[in-house]
Amino acid sequence: MIPYATAAEAEGALGRPMTWAEAAWFRYSSATPDYCLHFHTVILLSVVYTLVPLPLALLELRTSAKQTSPPYKLQPRVRRTPADFIRCYKNTVRVVAPAAGALQLHYYKIDLSFRPFVPMVGIRTGLPLPSVGETAAQLLVYFLVEDYQAYWVHRLLHTAWAYDKIHRVHHEYTAPIGFAAPYAHWAEVLILGVVAFASPAMVPCHVTTFWLWFALGGIQSIDTHSGFSFPLSPTRFIPFYGGAQHHDFHHYTGRHTQSNFAFIFTFCDYIYGTNKVMLSFAVFILFTKTLLELPRINYLCMEHNVFAFPHVFQGYRLP
């Protein structure tokens with residue numbers, strides 16, 4: 001809650017007039033307790049998870065009703081029904097909602113004195129608001145830090161015990177869909193929730209940046225699990241971004257290959273050698289016509305940005 005009763009007091013503390021964004025933030029947050037502002041993260045994630053995958057689901061259902069394959073779908077022979085999407089959504093919410101609520105309470109009331117943990121690490125709710133440059137720099141750091149941490153957590157989840165007990169739930173979808181992005185065992189949801197919070201804890205930010213970080217992280221995860229590779233996909237414009245092509249292959253092979261563990265960018269897979277299986281597969285695609293006979297999978301556009309250095313394969317096409 002902003003500790004100023006009036007806008008004049010806030011401007012006096014800032015030593016300058018408020019910007020229109022800061023004035024709007026003052027009006028919105030001046031009478032709102034901090035724990036309510038932090039709870040907005042859960043609401044925002046719920047909205048993102050419900051709405052962002054919806055167009056992809058409708059596209060797939062529309063084309064399936066016409067007995068045609070959805071354009072740009074990576075595994076076009078896998079067809080989904082409305083019941084499949086509804087069941088995935090319900091099962092995901094059933095697990096994620098309690099886990100997200102538990103994390104929210106844990107982050108806000110963590111130590112024995114019940115001091116709020118989120119403000120303790122420096123996530124603030126007051127004025128001034130961060131600049132666009134500050135927000136962009138913090139978000140870039142967050143994505144890089146989470147990508148590295150999540151890579152190693154993901155590799156640990158692919159050890160025999162962790163996969164059988166926890167991670168196999170997420171891999172039930174060998175052809176992933178957007179609604180399956182957070183579909184996982186409750187323990188995995190909690191682990192990845194801690195990983196997502198670690199970056200803002202290391203580099204504290206304003207709560208609005210905190211919201212944006214979780215919203216963009218949710219959108220990125222949905223894109224990675226979308227099962228589609230569109231011409232204007234972020235994969236084609238953001239250097240080293242793996243996207244759906246990179247992660248779809250990971251789901252397709254499941255536990256059978258120790259490859260493509262990266263969540264966001266592909267350089268960890270390149271550095272630690274866990275891109276070799278997909279590299280071999282791509283070479284097979286580039287030089288073998290029998291790809292068209294492989295069941296269930298179509299990676300005709302895989303030559304773009306599926307490795308740490310995607311430009312190596314640009315310009316190659318199937319013979």
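**P128 sits in the loop between α6 (117–120) and α7 (132–157).** Helices here are DSSP runs of H or I with at least four residues, strands are E runs of at least two, and both are numbered from the N terminus. The peptide bond that joins L127 and P128 is cis, with omega at about 5°. As background, most peptide bonds are trans, and most residues other than glycine have a negative phi. This is a predicted model, so to speak of a local feature takes a pLDDT of at least 70, side-chain atom pairs count only at pLDDT 80 or more, and totals for chains, interfaces and linings use all residues. Residues are numbered from 1 along each chain as its sequence is written, and side-chain values use heavy atoms, with hydrogens and water left out.

**Y72 has a positive phi, and is not a glycine.** The angle is about 70°. Look for Y72 in the loop between α4 (54–65) and α5 (82–108). Is Y72 buried or exposed, or something in between? At 46% relative accessibility, Y72 counts as partly exposed. (With a 1.4 Å probe and protein chains only, buried is under 20% relative accessible area, exposed is over 50%, and partly exposed is in between.)

**N260 has a positive phi too, as a residue other than glycine.** Its phi is near 55°. N260 belongs to the loop between α11 (243–253) and α12 (267–271). Where does N260 stand on accessibility? With 0% relative accessibility, N260 counts as buried.

**K73 and E60 pair up in a salt bridge.** The closest N and O atoms of the two are 3.5 Å apart. (A salt bridge puts a side-chain nitrogen of Lys or Arg within 4 Å of a carboxyl oxygen of Asp or Glu.) K73 comes from the loop between α4 and α5 and E60 from helix α4, so the pair ties together parts that are 13 residues apart in sequence. Both partners are buried. Across the whole structure, the search turns up 4 salt bridges.

**R87 and D84 meet in a salt bridge, and both lie in helix α5.** Their side chains come to 2.6 Å, N to O. R87 counts as partly exposed at 43% relative accessibility, while D84 counts as buried at 18%.

**D164 and R255 form a salt bridge that links distant parts of the chain.** Here the N to O distance is 2.6 Å. D164 is in helix α8 (residues 160–165), R255 is in the loop between α11 and α12, and the two are 91 residues apart. D164 counts as partly exposed at 34% relative accessibility, and R255 counts as partly exposed at 38%.

**One view goes to the largest nonpolar core, with 24 residues.** The members with the most contacts inside this core are M18, W25, F26, I123, L127, F210 and W213. (Such a core is a set of buried Ala, Val, Leu, Ile, Met, Phe, Trp, Tyr and Cys residues joined through side-chain atoms within 4.5 Å.) Which elements give two or more residues to this core? They are α2 (20–29), α7, α9 (186–202) and α10 (207–224). The largest share, 5 residues, comes from α10. Leaving out residues up to four places away in sequence, W213 touches L139, Y142, F143, E146, A196 and P200. Apart from this core lies another one, of 10 residues, including F85, V169, Y173 and A180.

**T135 belongs to helix α7.** At 12% relative accessibility, T135 counts as buried. Its contacts, setting aside neighbours within four places in sequence, are P130, T209 and L212. (Contact means heavy atoms within 4.5 Å.)

**The largest cavity holds about 40 Å³ of space.** The count comes to 1 cavity of 30 Å³ or more. (On a 1 Å grid over the protein atoms alone, a cavity is a set of points where a 1.4 Å probe fits but cannot get out, and lining residues have an atom within 4 Å of a point.) Volume is the space filled by probe spheres set on the points, which are joined across faces, edges and corners. The lining residues are P53, L56, A57, E60, F85, I177, G178, F179, S226 and F228. Helix α4 gives the largest share of this lining, 3 residues. By type, the lining divides into 7 nonpolar, 2 polar and 1 charged. (Ala, Val, Leu, Ile, Met, Phe, Trp, Tyr, Cys and Pro count as nonpolar, Asp, Glu, Lys and Arg as charged, and the others, Gly among them, as polar.)

Terms used: On a 1 Å grid over the protein atoms alone, a cavity is a set of points where a 1.4 Å probe fits but cannot get out, and a pocket is an open set with protein on both sides within 12 Å along at least five of seven lines; lining residues have an atom within 4 Å of a point.
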